[in-house]
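Please read the following note with the structure open beside it. The points are ordered so that each can be checked by eye.

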Amino acid sequence: MPTPTEHGRPDPETTTLARSHDGRPVSDRGDTVCVIGAGASGLTAIKNLAEHGFGVDCYERETGIGGAWNWRHDRSPVYASTHLISSRPFTQFPDFPMPDDWPDYPHHSRLLSYFERYADHFDLRRHIWFGTEVVRIEPVADDRWDVTTRSTGGYGPERTSRYAAVLIANGHNWSPKLPRYEGLEQFRGEVMHASSYKDPAQLRGKRVLVVGAGNTGCDIAVEAAQQASHCWHSTRRGYWYAPKYVFGRPADQVNDTLLALRVPLWLRQWLYHRTLRLTVGDLTRFGLPEPDHRVYETHPIANSQLVYHVGHGAITPVPDIARLHPHSVELTDGRQIDPELVIFATGYLPRFEFLDAKILGDDEGVGRPRLWLNAFVPNYPTLAVAGLLQPDSGLFPLVHWQAVLFARLLHSRMTRPQRAAAFAARVTSRAGERYSGRVKDSTRHWFEVGHVDYLRALERALRDLEGK
């Protein structure tokens, strides 16, 4: 099989020339698989595909690995104080544990060093083309793909290579989702999305309005409580704020124990509510809105400090924005406030700009592909997406097993074509299945999965593929 050279460039002796449908020259990479992105998902994809005997070319638009966790990257949403919200044992790759002496919730700098060591340990860098962005992916005959690339920033000529398969791992937390409010364009204060927030110095001494109650919005509100002259925190609905520790242990570890014991959802909800009543009490007495849903029906917000600062008066909870005026913000309850800085922590939408959205089943082009296991594409058995998940625990173990399943599928296409065909039929018939129980219908929950149910589904798929 063709393999890249030590520096990630294909050996000319292993590359043959072909032609695209419009006559462009194409470098045929034979049985090599293309991986897009060298963040956490891309790295484990490279590693698992290579372990299954495939040549791999990975294209990374930045000059280093780490994706979202490398805060030097233009598209990284990471800010100075970012830590994991899932604990270390539930975040690490299953075949490469984090050091035992690391804290329960490591800082983002430790995560980047973890990826660096992972890449070095498995010798992954030789597969990666750094500073190279993917411009276009097109299906061609025999379930193969033409991948057109160029140097990041649009410099230099485009280059097209033909691959046996493509695994997309470009992340889904880099394209800001911006809300639309009446009068936003006329507002004369500073407006930014949380993707541009990097350091508490940006808040110091200012009157700050943080919009959004996800984990990032709550983190920024907590930092504004300590740095800003005043902080308002705007949310559309009430939420459950989970402490990071319960009974002296990381909360996700306690929850996983209950899941392993197959404690039913209604009982886990009752236990959670009971714990909150005993520790925090009624959140409405702090001015926070009452949640309009039961716990586990929205993505968990792991923040032990928000209620603390609300209780100390350092954060003022307010409802949603009705409209903006040049020098003030009007809220849905009729109040007007006068922030100098408005930060929209309103999340992200996935973008696959290099691919026709209809190929992924996103007929409306809104960024919500219709996939099986949030990864496998109907009618395109050699195309998959890695990491398009919003789990209730750590992401990396789930992506690891996604990559293993894709690698074994590709191998089965050569050794057990009937098994691979049955798998493809299952992808088509079961695309769009959910693995999260009942959650709120919002863009924030498009890719929500319960990690135990999802891992069990991956395990069943692996067994079916291998005939076990």
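Which residue of β8 does Asp28 stand opposite? The points below begin with that pairing; please bear in mind that the model is predicted.

1. Asp28 faces Arg162, a residue of β8. The strand β2, residues 25-28, runs parallel to β8, and two bridges join them.

2. One of the residue pairs to look for is Thr149 with Arg159, its bridge partner in β8.

3. How many of the five residues of β8 are buried? The strand covers residues 159-163, and four of these are buried, so that β8 is mostly covered.

4. An open sheet is built from five strands, in the order β10-β21-β11-β12-β17, with parallel pairing. Its edges are β10 (190-193) and β17 (316-318), each of which pairs on one side only. From one strand to the next, the twist averages 20°.

5. Within this sheet, β11 (residues 207-211) and β21 (residues 341-344) run parallel and are joined by four bridges. Val210 has Ile343 as its bridge partner in β21.

6. Helix α3, residues 215-227, lies across β11, β12 (230-234) and β21. The helix runs at about 160° to β12.

How values were computed: Residues are numbered from 1 along each chain as its sequence is written. This is a predicted model: local features need pLDDT of at least 70, side-chain atom pairs count only at pLDDT 80 or more; totals for chains, interfaces and linings use all residues. Side-chain values use heavy atoms; hydrogens and water are left out. Buried means under 20% relative accessible area, exposed over 50%, partly exposed in between (1.4 Å probe, protein chains only). Two strands pair if DSSP finds at least two bridges between them. Axes are lines fitted to C-alpha atoms, for helices over the stretch in contact, and angles run from 0 to 180 degrees between N-to-C directions. Contact means heavy atoms within 4.5 Å.
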